Protein chains: 2
Amino acid sequence: MTDLRIAMAQINTCVGDIPGNTSLIMSRCRAAAARGAQLVAFPEMTTTGYPIEDLALRASFQRAAERAVHTIATELEATGLGDLTVVLGTLGTNDDGRPTNEAVALQGGRVTARYAKHHLPNYGVFDERRIFAPGDSPCILTLGDARVGLVVCEDIWQDGGPVAALADEAIDLLLVLNGSPFEEGKGIIRTELARKRAAEVGAPVAYVNLWGGQDDLVFDGHSFIVAADGAWMANAPGFEDALLEWEVPTAGAPPVQGQVVDFASDDEQVYRAVVTGLRDYVVKNGFRSVVLGVSGGIDSALTAAIAADAIGGENVVGVSMPSEFSSDHSRDDAADLCRRLGADYRVQPIAPLVDAFQAQLALTGVAEENLQARVRGVVLMAVSNREGHLVIAPGNKSELATGYATIYDAGSIGGFAPLKDLDKTRVWDLARWRNAQARLHGEVEPIPVSSIEKPPSAELRPGQTDQDSLPDYALLDEVLDAYVEHREGREELLARGFDEAVVEKVLSLVDRAEWKRRQYPLGPKVTALAFGRDRRLPVTSRWRERAE
Amino acid sequence: MTDLRIAMAQINTCVGDIPGNTSLIMSRCRAAAARGAQLVAFPEMTTTGYPIEDLALRASFQRAAERAVHTIATELEATGLGDLTVVLGTLGTNDDGRPTNEAVALQGGRVTARYAKHHLPNYGVFDERRIFAPGDSPCILTLGDARVGLVVCEDIWQDGGPVAALADEAIDLLLVLNGSPFEEGKGIIRTELARKRAAEVGAPVAYVNLWGGQDDLVFDGHSFIVAADGAWMANAPGFEDALLEWEVPTAGAPPVQGQVVDFASDDEQVYRAVVTGLRDYVVKNGFRSVVLGVSGGIDSALTAAIAADAIGGENVVGVSMPSEFSSDHSRDDAADLCRRLGADYRVQPIAPLVDAFQAQLALTGVAEENLQARVRGVVLMAVSNREGHLVIAPGNKSELATGYATIYDAGSIGGFAPLKDLDKTRVWDLARWRNAQARLHGEVEPIPVSSIEKPPSAELRPGQTDQDSLPDYALLDEVLDAYVEHREGREELLARGFDEAVVEKVLSLVDRAEWKRRQYPLGPKVTALAFGRDRRLPVTSRWRERAE
C-alpha cells in the first residue's frame with residue numbers, strides 16, 4: 001500500500017445542535033484537507049452530539065440527523081473536497097426502523113459505508129441498550145490499497161464482536177470513534193486497551209475522542225495513536241480542540257512518530273474538567289454570566305475561581321449575604337475574593353428579610369437556621385431573574401452526600417454545582433493547586449489564603465463549625481469514597497479497619513441525607529415529566545422541533 | 001392429576017424494606033394455608049420490593065435478599081407450613097456473580113427451584129438490562145402430578161424465550177409473577193396477552209401483580225386468571241390487598257369459575273392510582289401529614305382532596321398565602337375547601353415578606369411575580385421544618401410541561417406532586433368525578449364548585465388568567481399529549497391537522513420550559529450524586545446498610 005495520511009478531529013459538539021455540529025464538521029474537513037489528509041475522523045455521534053439519551057427515539061430527530069449526513073456529503077463534494085474520506089458518527093436506523101449508534105464514511109458526495117456500534121454500554125452513565133439496536137456486521141473501509149477497520153467506543157472495551165472479526169482481515173489501521181467521559185486515571189486504561197486491540201488486529205489503533213461538557217458529563221479528548229506493536233505514536237492534549245495527524249505506515253514499514261504532548265498532572269486534569277463542565281453548561285445553555293453566594297468560605301471561593309477561569313471574572317457576580325452570625329473575616333474574605341477575580345461584588349444583608357418571616361412564623365432551632373439559608377436562595381434567584389445570570393451552587397460532594405446543607409439554600413439551588421463531584425479534601429487540594437499555578441505564572445492568587453486555612457463553618461449559629469456535626473473531613477471522605485463510589489457495605493467497611501462508630505455515623509448521615517432529599521426531590525420528577533415517556537433526556541440540548 | 005388449589009397474594013411491598021416484606025410474605029402464607037391452598041404465589045421481587053434500580057448492584061443488598069429467602073423457608077417449615085409451596089420473587093445472583101431478577105419456589109424448608117427472568121425490559125420506566133443478567137433456562141415446578149410453568153412479567157410480553165420453551169411441556173398452569181405499573185387501559189392489554197400465552201402453552205395463566213406506590217410509579221394489582229381457552233376465571237380488584245384463590249382443573253376437566261369483580265371506571269382507576277401514589281410516598285417515607293399552599297384554584301383543591309383521601313383530612317395542612325392580587329373569592333374558596341376536608345387551615349399573608357425583599361431588591365415585572373411565588377415556597381418549607389409535614393406540590397402536567405409556573409414556588413417545591421401526570425383537562429374531570437362520587441354516597445362534596453368553574457389564574461398580577469399566556473387547555477392538552485407522550489414531531493402534528501400557530505406556540509413553550517429547568521435542575525444532580533456511580537436509585541427505599 002501507499003502511505004495513508006489521516007487526521008483526527010478532536011472537537012466539542014453540542015447535543016441537539018445539528019446545524020452547529022454540521023458547520024463544525026465542515027470547518028474541520030477543510031482544515032484537514034488543507035493539511036493534506038486523505039481521511040479525517042470525528043468522535044462518536046458527531047452530527048447529534050453525545051449522549052443524546054431518549055432523543056434517539058424521536059422520529060423527527062432521526063430524520064434531521066440523516067439529512068445532516070447527506071448535507072455534509074453534498075457540501076464536501078460541492079466545495080471540491082469530494083476526494084477526502086470523512087468518517088463521522090451519527091444517529092442511524094436499522095432495517096427494523098430502530099435507532100443505531102452509527103459511524104458513516106463519506107466520499108464523492110455520498111455515504112460509502114455504514115457501521116452500527118455493536119457493543120452498547122448500559123452501565124454507569126450509559127443507557128445505550130435502552131435507545132439503540134446493536135449492529136452485527138464489521139466494517140472495513142478501502143482507501144486505495146489501505147484497509148481501515150472501523151468501530152465505535154465500547155466495541156474495543158469488550159472482547160469478541162467486531163474487533164475479533166477484524167483480526168483475520170489484514171487491516172492497516174483500526175479506527176475508533178469515541179465519546180469517552182473523563183475519569184481520573186482513565187488515560188492509562190485507554191492506552192493499555194488500545195495496545196491490546198492493536199496486538200489483536202496486528203495494526204495501529206487510532207483513537208479519536210470527543211471533548212467538552214454535556215450536562216453532568218465531561219469528555220476530555222486526549223485522542224491518541226498507538227502502533228501495531230503498542231508504541232506511542234501521537235497524542236492530542238486534553239480539554240481543547242485538536243487536529244491530530246499521522247501517516248499510517250505501508251505494510252512492513254516502520255511507523256513514523258507524530259506529535260506527542262505530555263499529560264497534565266491529576267490535579268490539573270481534574271481542575272480543567274471542572275472548568276470545562278461549567279463553561280459548557282453555561283455557554284451551551286445560552287448564558288453569558290453566573291451569580292453565586294460568596295460566604296468567605298472555601299467552597300464558594302473555589303467555585304468563583306473556577307467560574308472566572310471558565311467565563312471570565314467580569315462575568316461572575318458574587319453576592320455576600322451576611323447574617324448576624326457572619327464573622328467579619330467572612331465578609332472581608334468574600335470581598336477580597338471578588339477583587340482578586342475581577343468579579344462584580346454585591347452585599348445583601350439578610351437580617352431584615354429573616355426578621356419579616358420571623359415576625360409571622362417565630363421559628364427556632366434548625367427551622368430558623370434553614371430559614372436564613374433559604375432566604376439567601378430567594379435573593380440569588382431574584383438577582384438571576386432580574387439580570388439573566390445563571391445561578392451556580394457551591395455545594396461539594398462531601399456535604400451533599402451527608403446532607404450537611406439546607407435544601408433550596410444558596411449552596412444547593414441553581415443550575416449547576418461545579419464541585420458536586422469533588423469531596424471536601426479535594427476542594428482544598430485544588431484551591432492550593434490553583435493558587436500555586438498563579439504564583440508560578442506571576443499572577444495574583446485567585447483564592448484568599450484565609451479561605452483555605454480557616455476551619456469550615458456554615459455560620460448559621462454562633463461559633464458553629466462543620467466538625468460539630470461531621471467527622472474530620474479526611475476520614476469522612478475516605479469512608480464516603482468506599483461507601484458511595486465503590487458500593488462497599490457496612491461489613492466491607494469494617495473489614496477494611498474503619499472504626500465502627502465512624503462507619504455508623506457516616507452511614508446514618510448518608511441515609512438521613514437521602515431521606516431529606518425524598519422530601520424535596522421535585523427537580524427530577526419535573527424534568528422527567530415534561531417529556532413524558534422519555535425519562536432520560538439530555539438537559540443541555542439545542543434540539544428544537546420547530547427548527548427541524 | 002388431582003386438583004391443585006392455588007392462591008395469589010396481591011400485596012404492597014416496599015423497596016429495601018426486607019424485614020417488612022418478609023413479615024408480609026409470612027402473614028400471607030399463613031392466610032393461604034388456612035384457606036387450604038397448596039401453592040401461594042407472590043408478585044415480582046417480593047423480598048426486596050420493586051423496582052430496586054441500582055440497589056441490585058450492592059453486594060450487601062444481594063446478601064440480605066438471599067438471607068431473607070432462607071429465613072422465610074426455615075420459618076415456614078418451623079411453623080408447620082413446610083408442605084405449602086411458596087413462589088416468590090427475589091434478587092438472585094448467577095454463576096458469574098451477576099444479579100438476576102429471580103423467582104424461587106420454597107417447600108419443606110428449602111429452595112426447591114430457581115428461575116431467572118429471561119426478558120429484561122429496558123424501555124420506558126424499566127432499566128433491567130442495566131442491573132440484571134438474563135436467565136436462559138425454563139422452569140417447571142412439580143406439585144404431585146401437576147406441572148406448573150414459572151415465568152416473570154416481561155417474559156410473557158415478548159415472543160419466544162421461556163414461554164415458547166414451555167409450549168411442548170404439557171404444563172397444567174403458567175404462573176406469572178409481575179411488577180406491572182398502572183397505565184390507563186392496560187387491563188385489556190394484559191388480558192389479551194395472557195389469553196395469547198394460554199393458547200400458546202395450552203394451559204391456564206395465573207397473573208399475580210404487585211400493587212402500591214413506589215417513587216413515581218404506581219402498581220395497580222388487578223391480578224387475574226384465564227383458562228386455557230381464554231375464559232375469564234377469576235380476578236382481584238385494583239389498588240388493594242387480595243388473596244385470589246382458584247382450583248387448577250385436572251387435565252381435561254372443565255375449569256371452575258372463581259371470584260370475579262368488575263373493573264372500576266377509567267376516572268376511578270386514575271383517581272385511585274393517584275391517591276395510592278401519594279399515600280405510599282408519604283407513608284413509605286415515614287411521614288404522617290402533608291402541607292400545601294391552598295390558593296382557591298382547582299389544582300390545589302384537587303391535590304388537597306386527594307391528600308385527604310390518602311391519609312385523612314385531619315393530616316392535611318392547607319396554608320393560604322394571599323397577596324395584594326389575591327381575590328376575595330380565592331380566600332373564601334381556600335377556607336371552604338379546608339372546612340369540607342376537615343383540614344387544618346392557616347393564613348400567612350405574604351405582603352410583609354415581599355415588601356422586605358422589595359426594600360432591598362426593587363424588582364419589577366416577571367422577577368417581581370416570581371418573588372411573590374417563591375416567598376410562598378419559603379413559608380411552606382418553614383412550616384414543614386417546624387412541624388414535620390411533607391410539602392406536596394399541586395403543579396399539574398400541562399403547566400409543568402409548558403413551564404407555566406415559577407421554579408421553587410408553592411406549586412413546584414416539595415417531595416411529591418400528585419397531579420404531575422394529569423393534564424389540566426383531566427384535573428377538572430377528576431374534580432367533577434370526585435364530587436359526583438360524594439353526592440352518590442350522600443357525603444359532602446370535597447371540592448368547592450367555584451374552584452372548578454372559575455377561569456384559572458395564577459393571581460400574580462391584576463386580572464391575570466392562564467389563557468393570557470396559554471392556548472385553551474382542551475387544545476393545549478391534545479397537542480401536549482401528541483408531542484410529549486407520543487413523540488410526534490412538528491411534521492406529524494401538522495399532518496394531524498393542528499393549526500400551525502398553535503403548534504409553534506406549544507413547541508416553543510415546551511422548549512422554553514426545558515430551558516428554564518436547565519437553570520434550576522439541582523434536584524436530579526444532587527440525588528444522583530450521593531450514590532456516586534449508582535445513577536438510578538429508588539427514592540423511596542428503606543434499605544439501610546447498618547441494619548443488614
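## Loop glycine in a binding-site stretch

Gly296(A) sits in the loop between β15 (290-293) and α8 (298-311) of chain A. Helices (H or I, at least four residues) and strands (E, at least two) are DSSP runs, numbered from the N terminus. Gly296(A) is buried, with a relative accessible area of 5%. Buried means under 20% relative accessible area, exposed over 50%, partly exposed in between (1.4 Å probe, protein chains only). Leaving aside neighbours within four places in sequence, Gly296(A) is in contact with Ser330(A), Asp333(A), Ala334(A), Ser451(A) and Lys454(A). Contact means heavy atoms within 4.5 Å.

The model is predicted: local features need pLDDT of at least 70, side-chain atom pairs count only at pLDDT 80 or more, and totals for chains, interfaces and linings use all residues. Residues are numbered from 1 along each chain as its sequence is written, chains are lettered from A and ligands numbered from 1 in the order in which they are written, and side-chain values use heavy atoms, with hydrogens and water left out.

## The annotated run and Ile298(A)

An unreviewed UniProt entry annotates a "binding site" over Gly293(A), Val294(A), Ser295(A), Gly296(A), Gly297(A), Ile298(A), Asp299(A) and Ser300(A). UniProt positions are given in the numbering used here, feature names are shortened, and annotations may be inferred rather than shown by experiment.

Ile298(A) belongs to helix α8 of chain A. Ile298(A) counts as buried, at 4% relative accessibility. Beyond four places in sequence, Ile298(A) contacts Lys424(A), Val427(A), Trp428(A), Ala431(A), Ile447(A), Ser451(A) and Ile452(A).

Glu445(A) lies in the loop between α13 (424-440) and α14 (449-453) of chain A. Its relative accessible area is 16%, so Glu445(A) is buried. Outside four places in sequence, Glu445(A) is in contact with Arg340(A), Asn435(A), Ala438(A) and Arg439(A).

Helix α7 (residues 266-284) of chain A packs against α13(A) at an angle of about 100 degrees, with the axes 10 Å apart. Axes are lines fitted to C-alpha atoms, for helices over the stretch in contact, and angles run from 0 to 180 degrees between N-to-C directions. α7(A) and α13(A) are therefore roughly perpendicular. Angles under 35 degrees count as roughly parallel, over 145 as roughly antiparallel, 65 to 115 as roughly perpendicular and the rest as oblique. From α7(A), Asp266(A), Asp267(A), Glu268(A), Val270(A) and Tyr271(A) meet Arg426(A), Leu430(A), Trp433(A) and Arg434(A) of α13(A). The residues of this contact divide into 4 nonpolar, no polar and 5 charged. Ala, Val, Leu, Ile, Met, Phe, Trp, Tyr, Cys and Pro count as nonpolar, Asp, Glu, Lys and Arg as charged, and the others, Gly among them, as polar.

## Annotated active site

The unreviewed UniProt entry marks Glu44(A), Lys117(A) and Cys153(A) as "active site". They span 110 residues in sequence, yet no two of their C-alpha atoms are more than 9.8 Å apart, so they gather at one spot.

Glu44(A) is in the loop between β2 (39-41) and α2 (59-78) of chain A. At 1% relative accessibility, Glu44(A) is buried. Its contacts beyond four places in sequence include Lys117(A), Glu128(A), Cys153(A) and Asn178(A). Cys153(A) is in the loop between β7 (146-152) and α4 (154-157) of chain A. Cys153(A) is also buried, at 6%. Cys153(A) touches Glu44(A), Lys117(A), Val176(A), Leu177(A), Asn178(A) and Gly179(A), residues up to four places away not counted.

Ser180(A) lies in the loop between β8 (173-178) and α6 (186-201) of chain A. Ser180(A) is buried, with a relative accessible area of 2%. Outside four places in sequence, Ser180(A) contacts residues including Lys186(A), Phe219(A) and Asp220(A).

Trp211(A) is in strand β10 (residues 211-214) of chain A. Trp211(A) is buried, at a relative accessible area of 9%. Trp211(A) and Asn178(A) are 33 residues apart in sequence and 9.8 Å apart in space, C-alpha to C-alpha.

## Helix α10 of chain B

Helix α10 (residues 365-387) of chain B has 23 residues, which at 1.5 Å a residue should span 33 Å; its end C-alpha atoms are 34 Å apart, which agrees. The expected span is 1.5 Å times one less than the number of residues. Of the 23 residues of α10(B), 17 are buried, so the helix is largely enclosed by the rest of the structure. Gly388(B) follows α10(B), with a positive phi near 85 degrees.
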